[in-house]
Amino acid sequence: MALSLLSPSLSRLGLWASVVILIVIVLKLLSLLVRRQKLARALDSFPGPPTHWLFGHALEIQKLGSLDKVVSWSQQFPYAHSLWLGQFIGFLNIYEPDYAKAVYSRGDPKAPDVYDFLLQWIGKGLLVLDGPKWYQHRKLLTPGFHYDVLKPYVAIFAESTRIMLDKWEKKASENKSFDIFCDVGHMALDSLMKCTFGKGDSGLSNRDSSYYLAVSELTLLVQQRIESFQYHNDFLYWRTPHGQRFLRACQIAHDHTDQVIRQRKAALQDEKEQKKIQQRKHLDFLDILLGARDEGGIKLSDADLRAEVDTFMFEGHDTTTSGISWFLYCMALYPEHQQRCREEVREILGDQDSFQWDDLAKMTYLTMCIKECFRLYPPVPQVYRQLSKPVTFVDGRSLPAGSLVSMHIYALHRNSAVWPDPEVFDPLRFSPENVTGRHPFAFMPFSAGPRNCIGQQFAMNEMKVVTALCLLRFEFSLDPSKLPIKLPQLVLRSKNGIHLHLKPLGSGK
């Protein structure tokens with residue numbers, strides 16, 4: 001009797017639950033349609049390539065060769081064009097200096113439609129913050145990139161590089177090409193661990209290697225999620241195998257960061273350890289974060305601390321790995337420039353055992369080659385913003401507040417209206433006389449404006465030290481059977497790695 005009375009009640013409850021779920025779905029769909037209408041209206045003045053009725057341009061973007069496809073679109077649609085990922089996320093894709101200046105000279109926040117996919121991993125650090133909190137963090141972190149802090153890192157970069165080069169000696173003795181990308185990634189992480197956490201001299205532990213693999217997987221998964229609109233909804237995404245993989249990799253990364261922060265905090269409570277830290281030759285990034293205080297004496301919270309460390313570890317090693325790997329590929333592709341760089345760094349090194357801080361400014365031709373490599377193979381090929389206020393462009397077209405903008409750095413750097421013969425590798429584009437008069441937003445490997453990369457000097461110094469030591473130790477040449485296939489995954493990678501032949505030249509000191 002009780003069961004028969006209860007049954008209709010449960011049935012009605014189930015019906016009401018179904019109605020509520022249906023209403024929520026309908027409201028969500030309506031909000032998406034309203035938003036799509038707003039974005040479509042905003043992008044009305046900017047024609048673009050044909051879109052798929054469901055996927056927008058996502059299918060084209062997911063194909064191999066998508067970067068050069070956008071370059072071809074940029075020739076068809078000067079200044080900018082609309083870019084749709086699915087039917088509900090539409091960007092204005094820009095690749096022209098005046099358009100870039102109109103947006104990136106301001107402090108507009110990063111586009112949440114893209115960067116929110118990173119939050120589970122890197123939290124609310126400098127990369128994704130905006131407003132007063134971004135300004136506060138930027139101010140607190142800036143002392144960590146002062147040249148007095150960066151100076152001692154030269155020796156750390158050299159030490160980690162030599163570990164990698166010794167490994168390459170053994171691989172080169174087999175007289176066949178090998179993929180350098182993974183080794184460069186481990187070296188960059190080794191350097192960063194020492195600069196960030198003051199890690200010892202023994203290279204990466206198993207736990208650190210697991211962290212490296214987790215970060216590599218996270219960058220791949222984020223890029224796939226951005227390009228796959230079916231993964232855009234959090235509720236659905238975390239229940240897919242893809243989302244579960246992301247959460248597992250996040251856990252590995254977070255456990256690693258939390259452990260090193262706990263160890264350092266514990267060490268600071270111990271007087272002996274405190275003295276050791278004070279007597280070290282350099283402060284590491286974690287020292288600076290733990291000691292940072294704003295005008296009111298308020299320090300970073302534990303959540304802020306982890307977010308900034310995870311952000312620095314992601315941005316600091318993945319981008320550098322990409323930059324160094326593609327540079328060595330360029331040197332193999334253009335042996336005349338490789339030899340000229342080698343002669344320059346040999347002359348600078350002279351009788352010294354290793355490079356000093358002051359030597360970096362003397363590496364003029366090497367620096368020009370690094371910049372030309374950044375132009376052709378920017379480590380971060382695309383960045384995104386959401387307009388906090390309307391913008392009017394140089395040709396009179398405009399976008400309202402709330403619009404999404406994609407800065408396609410790869411297409412900007414190959415824009416033939418800005419760079420004559422853009423596919424030609426010509427380091428002299430960056431000679432002092434050629435740089436003078438160039439549009440300040442024509443070259444943006446570290447983004448530009450008030451939200452440019454805070455660690456760009458750190459990255460350039462590491463690039464110079466690592467590449468100089470590589471060129472002193474080896475001659476690099478291509479493997480024509482395994483040419484790299486460009487693949488954008490937050491940073492610029494290669495689908496099949498970067499396989500080079502290495503010929504040892506001696507100790508390279």
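**Strand β1 and the overall fold**

In this predicted model, strand β1 (residues 80-85) is largely enclosed by the rest of the structure, because six of its six residues are buried (under 20% relative accessible area; exposed means over 50% and partly exposed in between, with a 1.4 Å probe and protein chains only). Strands are DSSP runs of E with at least two residues, helices are runs of H or I with at least four, and both are numbered from the N terminus. Residues are numbered from 1 along each chain as its sequence is written. As the model is predicted, local features need pLDDT of at least 70, side-chain atom pairs count only at pLDDT 80 or more, and totals for chains, interfaces and linings use all residues.

Strand β1 is joined by six bridges to strand β2 (residues 89-94), and the two run antiparallel; strands pair if DSSP finds at least two bridges between them. Opposite W84 stands G90 in β2. The hairpin of β1 and β2 has three residues between the strands, and G86 there takes a positive phi near 75°.

The protein chain contains 21 helices and eleven strands. Its radius of gyration is 25 Å, close to the 23 Å given by the globule rule for 509 residues, so the chain is as compact as a globular protein of that length. This radius is taken over C-alpha atoms, and the rule is 2.2 Å times the number of residues to the power 0.38. Of the 509 residues, 52% count as buried.

Residue V19 lies in helix α1 (residues 2-42). V19 is partly exposed, with a relative accessible area of 34%.

How values were computed: Heavy atoms only, no water.
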